[in-house]
Amino acid sequence: MKRRRVVVTGLGIIAPNAHGIEAFENALRNGINGIRFIPRLEELKFGCQVGGIPENLEEISREYFPADALLAMNESMRYAGIAAVDAWKDAGLDVPDHENNHVNWDAGAIVGTGIGGADTLGVIIPKVNDGRTRRLGSAVVEQTMSSSVSAKLSGVFALGNQVTTNSSACSTGTEAIIMSYERIMSGKAERMLCGGAEGSSVYIWSGFDAMRVLNTGKNDTPDQASRPMSASAGGFIPGAGAGILLLESLESAQKRGARIYAEILGGAVNSGGQRNGGSMSAPNSAGVQNCIRRALDESGIKAQDVDAINGHLTATMADPIEIKNWAEALECSPGGLPYINSTKSLIGHCLGAAGGVECVASVLQIYKKFIHGSLNCEDLHEKILPYEKSIVRKTKNKSIRYLAKASFGFGDVNSCIIMKNSEF
């Protein structure tokens, strides 16, 4: 089978620190922090009372969807819809009129979510328990099903190819992009919307607060709360939003004269099997390293070719392990590790949306030739100190040829994607 080349022609983002590509690029370059104090978390006696939630969602939503459509859309669906419309238009494509019965059989969507419609369950459960099932409304099923974040897009864009939702915890968004890449590469589609979306429901965040994996010590200083790679990291900060890429075959992109942000060279998805230290909540280092190496092999490049890494790096005890895994997988000394940064330092951990949001950040860095700084890691963890010269604290203007982006999730699941600057 002939492998087709796959490129990125559209980007859409709604993140805690920005909505829209230009605003997001500015936020990345200038270290604009999207973490804020959330009064609702204080009311509910959460240990962690800060988070990353995109601002002005209600106002933005009304610019994209009519009022009757919004009634049937939960928060995750709104994020996915906004970012997808932006990505589609950014690629130079027109959003079809709903009255037009033409179906685009060559275009589809794989948009994932970690937990999905939990905010809708917060409405459903009290009504059901009070015997008011008939008051739930006719749209309740479509708001609770995980696949709503992709299914909604089918109707918006008349997508006739595969439309589905994956869910692999924090690896979800990156996995969705790899799956979409593979579909186009194999000739099963011409273009795919892909990435991840996640709402900010307290019913999602409560479990992590109960696990004591969130930072509870920075409620009074939200801008200092998300601290990947820091010696004083106290856990991750939950976030929400969506990052969507429009992937397209190179032939299709060239035929219509589309702007090409970057090329997807390949990727890998695997599991550590919950052995050798791996568990439902911890990674097997051998699995992580295997995933990175397989992604390199799939992409046809060597370890020493990688110029930059956008890490998973969450601000937990796993950060030093991740840095070591990158070094071992790339077979480099501490002094030879490529530049590495953490987008989560600016926006928190967007769970199922994390990979999508961070892949948008990765593509922007390749296309605009910079590596954004990581916030709050002035005091590097002692096990990360040997790699200090590779840690990007302040934004660097730098041309990137090859970038590796990885995501690792609960359940000991991993994904790694390799992107290339299309100018080379």
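Reader: What volume does the second largest pocket have?

Author: The second largest pocket has a volume of about 310 Å³, counted as the space filled by probe spheres set on joined grid points. This is a predicted model, where local features need pLDDT of at least 70 and side-chain atom pairs pLDDT 80 or more, while totals for chains, interfaces and linings use all residues. Residues are numbered from 1 along each chain, and side-chain values use heavy atoms, without hydrogens and water.

Reader: And which residues lie nearest the centre of that pocket?

Author: Of the 17 residues that line the second largest pocket, P96, D97, H98, G155 and V156 lie nearest its centre. Helix α8, which spans residues 148–157, gives the largest share of this lining, with three residues. A pocket is an open set of points on a 1 Å grid with protein on both sides within 12 Å along at least five of seven lines, and lining residues have an atom within 4 Å of a point.

Reader: OK, how much space lies in the largest pocket, then?

Author: The largest pocket holds about 570 Å³ of space, and S281, P283, T316, A318 and F410 are the closest to its centre among the 32 residues that line it. The largest share, five residues, comes from α13.

Reader: Changing topic, at what angle do α9 and α15 pack?

Author: Helix α9 (residues 172–185) and helix α15 (residues 354–368) pack at an angle of about 65°, and their axes are 5 Å apart. The two helices are therefore roughly perpendicular to each other, a word kept for angles of 65 to 115 degrees.

Reader: Which residues make that contact?

Author: On the α9 side the contact is made by G173, T174 and I177, and on the α15 side by G355, G356 and C359, where contact means heavy atoms within 4.5 Å.

Reader: Staying with α9, is S180 buried or exposed?

Author: S180, which lies in helix α9, counts as buried because its relative accessibility is 0%, and buried means under 20%, exposed over 50% and partly exposed in between. Leaving out residues up to four places away in sequence, S180 touches I110, M192, L193, C194 and L247.

Reader: And where is E251?

Author: E251 is in helix α11, residues 250–255, and at 40% relative accessibility E251 counts as partly exposed. Apart from neighbours within four places in sequence, E251 is in contact with R4 and R5. E251 and E190 are 61 residues apart in sequence, with their C-alpha atoms 8.8 Å apart in space.

Key: Axes fitted to C-alpha atoms, helices over the stretch in contact; angles between N-to-C directions. Helix = DSSP H or I, 4+ residues; strand = E, 2+ residues; numbered from the N terminus. Parallel < 35°, antiparallel > 145°, perpendicular 65-115°, else oblique. Buried < 20%, exposed > 50% of the residue type's maximum accessible area, 1.4 Å probe, protein only. 1 Å grid on protein atoms, 1.4 Å probe; cavity = no way out; pocket = protein on both sides within 12 Å on 5 of 7 lines; lining within 4 Å.
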